Amino acid sequence: MIALQPAQDLRLDAGVLDYVILALYFLVVLGIGWMARRAVRTSLDFFLSGRALPAWITGLAFMSANLGAIEILGMAANGAQYGIMTVHYYWIGAVPAMVFLGIVMMPFYYRSKVHSVPEFMRRRFNGATQLLNAITFAVAQILIAGINLYALGLVMEGLLGWPLWVSILVAAAIVLGYITLGGLSSAIYNEVMQFFVIVAGLVPVVVLGLIKVGGWSGLMSKVPEKMLHTWQNTGTSDNPLGANWIGIVLGLGFILSFGYWTTNFAEVQRALSARNTNAARLTPIVAAYPKLFIPILTIIPGLVALLLFDNLGKSGGPDYNDAIPLLMNQFLPNGVLGIAITGLLASFMAGMAANISGFNTVFTYDIWRAHINGDHPDEWYVRLGRLATIGGVAGGIGTAFIAAGFSNIMNYLQALFSFFNAPLFATFIIGLFWKRMTAWAGFWGLLSGTLAAFAVYIGYKSDVFGFGTDLNASFVGAGTAFVVDAIVSVVVTLATTPKPESELRGLVYGLTDTTIRDDALAGDAAWYRSPLVLGAGALVLAAAFYIPFL
Amino acid sequence: MHNLFDIRRIIGALFVVYGIILTITGFVDDKAAIQKALGVRINLWVGIGMLILGVGFLIWERLRPVTLEFQEEVDTSTFGPPPSGHDETPSSRDTE
């Protein structure tokens with residue numbers, strides 16, 4: 001029998017060795033940024049704008065852009081709170097959408113050569129749709145930057161024992177310095193490197209955690225029975241997730257997940273640097289395979305933490321978010337502890353840097369230059385971008401305190417996705433397959449869908465609607481946003497005039513742009529480079545993985 | 001031409017250095033450190049693992065470099081399927 005213990009103090013017991021490991025990491029990251037400025041070909045050219053990369057590199061970058069520390073801490077929190085059902089986020093809530101992105105959507109993104117999703121909206125619909133999408137995107141990036149900053153503050157609080165608000169302010173200053181010193185190029189490298197470091201830090205947590213609870217069979221026998229199933233009792237809401245199968249399949253598996261993966265430009269952008277259409281299509285599919293296995297690194301630690309700390313997630317005890325830091329503190333000696341801390345800190349910084357650079361690009365180009373004043377020379381916009389960076393970090397400090405109010409940051413993130421991604425996905429998918437859909441239908445559909453999701457959320461928070469759990473509320477919010485967006489889009493389309501076909505070539509399914517030549521390479525015909533074969537393989541594996549946990 | 005900024009070279013080097021640090025730490029760990037990790041010399045095992053992964057990345061980068069020139073490439077199919085699952089790695093070698 002394992003002794004249950006209350007966990008109160010999250011003070012990480014880091015020593016000199018751990019700080020050396022941490023310092024080494026940031027020396028490397030900043031060193032790359034410094035060297036890249038001197039190189040003729042900058043690393044950014046190499047990484048993003050070259051359109052020269054094979055699918056394994058872009059796939060790696062795609063995977064790393066998603067698997068940051070929020071994802072890892074948040075999914076461990078879900079593992080502790082909802083049990084094995086958390087795998088829905090991976091096997092139905094990610095893999096199918098990643099495969100769909102690769103097979104169906106990627107050719108449109110890659111071949112239209114857009115620099116952002118708002119720009120795609122302008123070309124498919126109109127400037128007003130671009131502006132609306134750019135504004136909601138900018139707001140979402142600042143809110144998500146706040147989550148990263150909050151998480152960074154939590155780790156610093158654990159390391160140094162400072163109060164949370166001091167940690168948040170200091171962390172913000174560090175991130176600002178890091179973006180300014182290292183530049184975007186080092187941020188991109190940091191993003192890929194943090195993934196490997198965080199995995200190296202998590203594997204020992206999983207192994208030692210399993211040893212502690214008596215191995216896999218020990219874990220399975222000690223965790224409450226109802227937390228070990230994925231589909232049991234999903235006919236009603238009487239299961240840990242509080243969602244029935246319709247909510248899981250349509251809310252999570254279709255709207256939230258397709259919305260996130262297919263319109264999230266931080267992800268999609270990674271595939272745009274691929275060398276040809278086939279490599280771009282393979283990018284998310286290559287990333288889907290590791291995604292299948294990530295639950296091992298997140299859900300198992302969550303369940304182990306649930307068994308070890310009896311006050312986890314209860315009032316007076318630590319938040320579910322703390323599951324992994326608690327286990328690190330429990331099991332990792334100095335050395336490996338340093339690796340794990342480095343992985344977490346690097347990951348939050350990479351996440352926040354990506355949010356801030358996304359915000360800065362969209363604010364400068366899709367909002368200011370496209371809609372406020374487009375007559376300045378390029379340098380003027382570069383300066384504006386720098387100011388936007390400072391403004392973005394300042395905004396992130398504000399939203400970090402909003403994030404601090406949620407005991408499970410993943411639920412907060414899902415609520416944000418239901419506002420921003422679900423309606424965007426509806427507009428996107430209808431516009432992609434229905435060439436009659438008009439420019440103003442894009443605008444009004446997006447606006448009404450976003451407002452509908454807000455309305456559902458406010459109704460839930462003020463107890464007008466009862467959805468049981470926060471997560472279920474996100475599923476319903478996303479579903480409502482999607483349906484309202486779709487209805488408004490159809491109604492407005494019927495009342496307005498469609499764009500001529502010539503303007504829609506390459507942007508709508510079935511209207512192929514004949515001016516683009518086929519860019520296939522000779523090796524692309526092989527089965528191991530076929531998006532269809534590899535995509536189907538990922539789907540079959542995802543379905544097969546469910547079998548032991550029905 | 002080898003690219004100094006190849007991500008494999010950077011991750012490889014970082015992991016080799018971390019691997020060496022952890023392996024040495026693993027050998028000299030005191031009882032308290034080993035007890036904390038439930039009797040496992042975890043620094044040693046993770047150190048060896050990181051060392052192997054780091055060396056693997058460096059070898060991979062040596063054997064199949066990615067250069068910016070390969071855009072003008074070349075029929076990769078003449079090389080046949082690569083041996084070890086890194087299917088997408090292009091080769092900068094000349095076809096002739």
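Visitor: F419(A) and F420(A): buried or exposed?
Guide: Both F419(A) and F420(A) are buried. Buried means under 20% relative accessible area, exposed over 50%, and partly exposed in between (1.4 Å probe, protein chains only). This is a predicted model, where local features need pLDDT of at least 70, side-chain atom pairs count only at pLDDT 80 or more, and totals for chains, interfaces and linings use all residues. Residues are numbered from 1 along each chain as its sequence is written, chains are lettered from A and ligands numbered from 1 in the order in which they are written, and side-chain values use heavy atoms, leaving out hydrogens and water.

Visitor: How many aromatic pairs are there over all chains?
Guide: The count is 33. Rings of Phe, Tyr and Trp (its six-membered ring) pair if their centres lie within 6.5 Å; planes under 30 degrees apart count as stacked, over 60 as edge-to-face and the rest as tilted.

Visitor: Why is the pair of F196(A) and F57(B) edge-to-face?
Guide: Because the planes of F196(A) and F57(B) stand at 90 degrees, with the ring centres 5.3 Å apart. F196(A) lies in helix α9 (residues 164-212) of chain A and F57(B) in helix α3 of chain B, so this pair joins two chains. Helices here are DSSP runs (H or I, at least four residues), numbered from the N terminus.

Visitor: And how accessible is F57(B)?
Guide: F57(B) is buried, at 8% relative accessibility. F196(A) is buried too, at 13%.

Visitor: Which residues do ring pairs link into a cluster?
Guide: W56(A), F195(A), F196(A), F57(B) and W60(B). The charged end of R8(B) also sits over the ring of W60(B), 4.9 Å from its centre. That label needs NZ of Lys or CZ of Arg within 6 Å of the ring centre and within 35 degrees of the ring normal.

Visitor: New topic. How many salt bridges over all chains?
Guide: The search finds 5. A salt bridge is a side-chain nitrogen of Lys or Arg within 4 Å of a carboxyl oxygen of Asp or Glu. One of them pairs E61(B) with R9(B), with the closest N and O atoms 3.5 Å apart.

Visitor: Where do E61(B) and R9(B) lie?
Guide: E61(B) is in helix α3 (residues 42-63) of chain B and R9(B) in helix α1 (residues 7-28) of chain B, so the pair ties together parts 52 residues apart in sequence. E61(B) is buried at 2% relative accessible area, while R9(B) is partly exposed at 21%.
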